[in-house]
Amino acid sequence: LLRSAPSPLRSCRPARRRFVSLIMGPPGGGKGTISKWLVRDYEFSHLSSGDILRREIERGSAIGREAEALVSAGSLVPDEVMVQLVSKHLVETKGRILLDGFPRTAVQAERLEATVRVDAVISLEVPLEVVAGRLSNRWVHAPSGRTYAYDFNPPTVHGKDDLTGEPLVQREDDKIETVWKRLRDYDARTKPLADFYAAAGLLASFSGTESKVIYVAVRTWLDQHLPPRDGSAGDEATSAA
């Protein structure tokens, strides 16, 4: 399951007040689920790029207003703005940090590294055909947002919402052609990013098809490499997966 481990890992240096881990994985690959377990078991602070952007816009800060103007105009937030936003929140957060959603490219990683260093990268390697099957199996009841998946959470009556009996629909994003385009785009964009962190000795890759099985390998690796919290004698997870 563990394909490669960071060596030398920055966590081997004297423990600091902040330890930044980046989690990577394809859409539908279990990244959200495993992130929740890491927060639960290892007391990580989960910082997603989307949450950071929304938080800064709500604060009404200068950089938040700049980002809001770009988003309102339908423009992408440029790398330099996102690096400023993410760096700001990383500096404000102490302890164990799980960064999610940024950087997405090697160029962004280089720019982030100039301000805040990442200590370890957890890469979830789930076969794209498995992910495509999961995503294209999703159907929704549009008025309520209730979601069904025919492989593990099917409706009682095929094609019908359990509560209203109304028809289910498939979002454009979940249609198989769109899913494969998203996954190919992710793969092409992420490979240079993974190579960047592998060259720095920071990448730990975990392969598998089930989140629970992958998480066992992630926990084993973290127990060996994660520095103890301030005042902590050990580094055991606080609860079982």
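Is Asp 41 buried or exposed, and what is its relative accessible area? I looked this up in a predicted model, where local features need pLDDT of at least 70 and side-chain atom pairs count only at pLDDT 80 or more, while totals for chains, interfaces and linings use all residues. Residues are numbered from 1 along each chain as its sequence is written, and side-chain values use heavy atoms, with hydrogens and water left out.

**Entry: salt bridges**

I found Asp 41 to be buried, at a relative accessible area of 0% (buried means under 20%, exposed over 50%, partly exposed in between, with a 1.4 Å probe and protein chains only). Asp 41 forms a salt bridge with Arg 40, their closest N and O atoms lying 2.7 Å apart (a side-chain nitrogen of Lys or Arg within 4 Å of a carboxyl oxygen of Asp or Glu), and Arg 40 counts as partly exposed at 38%.

I then looked up Lys 31 and Asp 100, whose side chains meet in a salt bridge at 2.4 Å, N to O. This pair links distant parts of the chain, with Lys 31 in helix 1 and Asp 100 in strand 4, 69 residues apart (helices are DSSP runs of H or I with at least four residues, strands runs of E with at least two, numbered from the N terminus). Asp 100 is buried, at 9%.

I also noted a network of salt bridges that links Glu 56, Arg 59, Lys 88 and Glu 92; the search of the whole structure finds 15 salt bridges.
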